[in-house]
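Subject: Structure handover

Hello,

Here is the structure we spoke about, with the findings below it. Please look through both when you have time.

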Amino acid sequence: MINVIFTDTHFGWKNNSMTWLNSQMDFIYKQFIPEIKRLSNHDSVRVIHCGDVFDSRSTISTYVATKVVQAFNDIRSVCEEFIIVCGNHDFYSPNSDEVNTVSLFMNNLDIKIVDKQIYETTTHAFVPWYVWHEGTFETDATYVFTHTDLLHDDIPESCLNKMIMSGHIHTPWYDEKRSRYNLGSCYSLNFADANQQRGYYILKDGQLAFEPNKVSIKFHRLYNENILETDVY
């Protein structure tokens, strides 16, 4: 099975900007779904979202929510399985996992929502924000998907020798020697992302490959000496 991984979509970004939402939807419909369809011609595909589906914990536009639910349902229609690992922005309270926006809006879709406890298959473990930070779980899985800062946060003992892929940090950070990957948002979010690639990932046979987002809004930083010599698309 091929795993297609994206994270930190933060729908509703920039105060529910319609321009921004349109750019996000362009990525989903013009690149992400066609890629899943292409990969499905060769193998079954599991899609994994590593958290922070929406940006706001509490003030989500009904229009944005409607568009996102439709988009995620369309993603589900072209893959074998769709799993969402809830991140910190997906919970209403920063101190409790009692209410989360993903379950609120997508509970009726055929999507596995991992919100209150670890979900495991034979080789994969999916660990939501609160469960990871409690640090009391154990897993024998080879691959771990979660939502945390792998550079600064503690790694539970049972995950020390696993391949870990995580959301939460919007700028990609990799420690390939120890197989730890903060994947970064699937598109640029602000000027701190200027001149940097964002995108999604394909995990197949233990190899993680980055696929750049070719559609969404990008930020460019140009300097006086090369402004007139640069073509920005």
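The largest cavity has a volume of about 40 Å³; a cavity is a set of points on a 1 Å grid over the protein atoms alone where a 1.4 Å probe fits but cannot get out, and its volume is the space filled by probe spheres set on the points, which are joined across faces, edges and corners. This is a predicted model, in which local features need pLDDT of at least 70, side-chain atom pairs count only at pLDDT 80 or more, and totals for chains, interfaces and linings use all residues. Residues are numbered from 1 along each chain as its sequence is written, and side-chain values use heavy atoms, with hydrogens and water left out.

The structure holds one cavity of 30 Å³ or more.

On disulfides (pairs of cysteine sulfur atoms within 2.5 Å), the count comes to zero. The sulfur of Cys-50 has its closest cysteine sulfur in Cys-186, 11 Å away, so it is too far for a bond.

Phe-54 is in the loop between β2 (45-49) and α3 (62-76), where helices (H or I, at least four residues) and strands (E, at least two) are DSSP runs numbered from the N terminus. Phe-54 is buried, with a relative accessible area of 0%. Its C-alpha atom is separated by 4.4 Å from that of Phe-11, 43 residues apart along the chain.

Regards

Note on methods. 1 Å grid on protein atoms, 1.4 Å probe; cavity = no way out; pocket = protein on both sides within 12 Å on 5 of 7 lines; lining within 4 Å. Buried < 20%, exposed > 50% of the residue type's maximum accessible area, 1.4 Å probe, protein only.
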